Amino acid sequence: MSASENTNYYVERNNRNLAAIQHLLDKELPDFCGDYFLAIDSQTSPLTRLNYAHDLKIFFHFLMTRRFKNYTSAKQFTLSDIESITNNDIEMFLAFLSHYTYQNKQHVCNDRAKARKLSSVRTMFKYFFNRGMISVDNSAKVATPKLHEKPIIRLDGDEVFNIIDVAESGDGLSPHQRVFHERNKVRDSAIIILFLGTGIRISELVGLNNEDINFSDNSFIVTRKGGGKSILYFDDDVADALRRYIDYKSETELPNGPKDALFLSSQKRRITVRAVENLVQKYAKIVSPLKKISPHKLRSTYGTALYRATGDIYVVADVLGHKDVNTTRKHYAAISEDVRRSVVGKVKLHPDGEDEN
């Protein structure tokens, strides 16, 4: 396996994100933002910076609808304008995000999305304030929207077995869906089983190459969010599903198809994140129509099962690739209910055998 083959997908993804950032800087953000994005280049990933750029684009759009109505382009903003922004302006921005129109489309932000956009705005203000380029940072005075813990949505009990069965059999699919299922069922089953058997992230799954799989010790190499690589291990059920798919693919792959990508689309290209999301939702709707199951929820299902089996939050954090164990604890806080149930009766109020009367 060559290094270029293994990193090709991630290099291409980063290049796309970098091009998108540059487009926003050239066309839709004030010129002074260029200095800010250059300063955070070594501390953030291209995807993080792209999200910042989109958030700031909405912020300057808001300012042009309220405070700077004479401006027709974000390019007209100066650092003096930024210095004049009050905490009330930013609080109005958060209110605006509840329901707004941008490029003829309606958008709605929940408190979590508002908090992320506020963080993007604060980071920019802080940079220019710390550099002495503005004399006041009023963004620091704005309270972060209160975030409520989201319930952990995951597959329970027989739902895990059922979604695998549906992916393999196609039961419950429409006649139209069955046409595509017959062609893709081996691949889809392998993807579902890989999520449920390893807790892999969707970006890690899409980026897998054939050479990353090692059946001699049932391991594979994943590229984590920050670009680092980890070796994960899988059981025989996952190994069998992967072997079936690889064998099937070798019999049906077109000669001009990609030789490195593990999971391919119907068009014989590397499968996309959106395609994986769609196939997971398709099978999940049959098994659990009241739950909105995504690839991340399959990851949560695995993480919960692993914690229940090991009782070790640090092991779960390591396997899932969480840099901070508090992230793991937050995501799987709901399973503390299992612990609360398990201690019922452990504290005795009466000696054994003694009648409470």
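A residue is called buried when its relative accessible area is under 20%, exposed when over 50%, and partly exposed in between (1.4 Å probe, protein chains only). Keep that in mind for this predicted model, where local features need pLDDT of at least 70, side-chain atom pairs count only at pLDDT 80 or more, and totals for chains, interfaces and linings use all residues. Residues are numbered from 1 along each chain as its sequence is written, and side-chain values use heavy atoms, leaving out hydrogens and water.

**Aromatic rings**
- Rings of Phe, Tyr and Trp (its six-membered ring) pair if their centres lie within 6.5 Å; planes under 30 degrees apart are stacked, over 60 edge-to-face, and the rest tilted.
- That rule gives 20 aromatic pairs.
- Phe-68 and Phe-77 make an edge-to-face pair, 5.1 Å centre to centre with 65° between the planes.
- Phe-68 has a relative accessible area of 7%, so it's buried, and Phe-77 counts as buried at 4%.
- Phe-77 also pairs edge-to-face with Tyr-71, at 5.0 Å centre to centre and 80° between the planes.

**A charge over a ring**
- Arg-243 lies over the face of Phe-215, 4.1 Å from the ring centre (the rule: NZ of Lys or CZ of Arg within 6 Å of the centre and within 35 degrees of the ring normal).

**Two packed helices**
- Helix 8 (residues 175-198) and helix 11 (residues 273-287) pack at about 100°, with their axes 10 Å apart; helices here are DSSP runs (H or I, at least four residues), numbered from the N terminus.
- Axes are lines fitted to C-alpha atoms over the stretch in contact, with angles from 0 to 180 degrees between N-to-C directions.
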